[in-house]
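The following exercises are to be worked with the sequence and the model at hand. Each task is followed by a solution in steps.

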Amino acid sequence: MGGIDKYSGLLYCVDCNSKLYFIRGTTLKPDAWEFNCSRYRKHMGEEQCTPHSIRAKILNEIILEEIHKVTYYVRAQTREFVNFINQKSSAVFHRELNARMVN
Ligand SMILES: [Zn+2]
């Protein structure tokens, strides 16, 4: 697997809100590839965080399980899902519009 990981820029530490850093190394097998808190990796003294490690393989399994749950929900409750997405999209749109008007 080369290039940028599919989760790049999307994962944040639950404690310090720093981005999670993808570690694959040259000696690690793909099953051992993981994400760690970038603040922990920088060794920032008293502000240092803990690793908050999660294996990429486990993260993929969690995401896949969530996709299956959403897919099941969409099939069972299609109308409610469409309404939810329309409301969500509208709320996000209004939030972005308000942020632009302030700046
Ligand atoms: Zn952290």
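**Exercise 1. Determine what percentage of the residues of the protein chain count as buried.**

Solution. Buried means under 20% relative accessible area, exposed over 50%, and partly exposed in between (1.4 Å probe, protein chains only). By this criterion, 17% of the 103 residues of the protein chain count as buried. The model is a predicted one, in which local features need pLDDT of at least 70 and side-chain atom pairs count only at pLDDT 80 or more, while totals for chains, interfaces and linings use all residues. Residues are numbered from 1 along each chain as its sequence is written, and side-chain values use heavy atoms, with hydrogens and water left out.

**Exercise 2. Describe the secondary structure and the strand order of the sheet.**

Solution. Helices (H or I, at least four residues) and strands (E, at least two) are DSSP runs, numbered from the N terminus.

- Step 1: the protein chain contains three helices and three strands, arranged along the sequence as β-β-α-β-α-α.
- Step 2: the three strands form an open sheet in the order 1-2-3, with antiparallel pairing; two strands pair if DSSP finds at least two bridges between them.
- Step 3: strand 1 and strand 3 are the edge strands, each pairing on one side only.
- Step 4: strand 2 (residues 34-37) pairs with strand 3 over two bridges, and Glu-34 has Arg-55 in strand 3 as its bridge partner.

**Exercise 3. Identify the protein donors of the zinc ion and explain why the arrangement is tetrahedral.**

Solution. Donors are N, O and S atoms within 2.8 Å of the metal (3.2 Å for Na, K and Ca); water is not among the atoms, so sites may look incomplete.

- Step 1: the SG atoms of Cys-13, Cys-16, Cys-37 and Cys-49 are the protein donors, lying 2.3 Å from the zinc ion.
- Step 2: four donors count as tetrahedral if all angles lie between 85 and 135 degrees. The four donor atoms subtend angles of 95 to 120° around the zinc ion, so the arrangement is tetrahedral.
- Step 3: the donor residues follow the spacing C-x2-C-x20-C-x11-C in sequence. Distant parts of the chain are linked by Cys-16, in the segment before strand 1 (20-23), and Cys-49, in the loop between helix 1 (38-41) and strand 3 (54-55), which are 33 residues apart.
- Step 4: Cys-16 is partly exposed, at a relative accessible area of 22%, whereas Cys-49 is buried, at 9%.

**Exercise 4. State where Ile-67 lies and whether Ile-67 is buried, partly exposed or exposed.**

Solution. Ile-67 belongs to helix 2 (residues 56-76). Its relative accessible area is 46%, so Ile-67 is partly exposed.

How values were computed:
Tetrahedral: all angles 85-135°; square planar, octahedral: opposite > 155°, others 65-115°.
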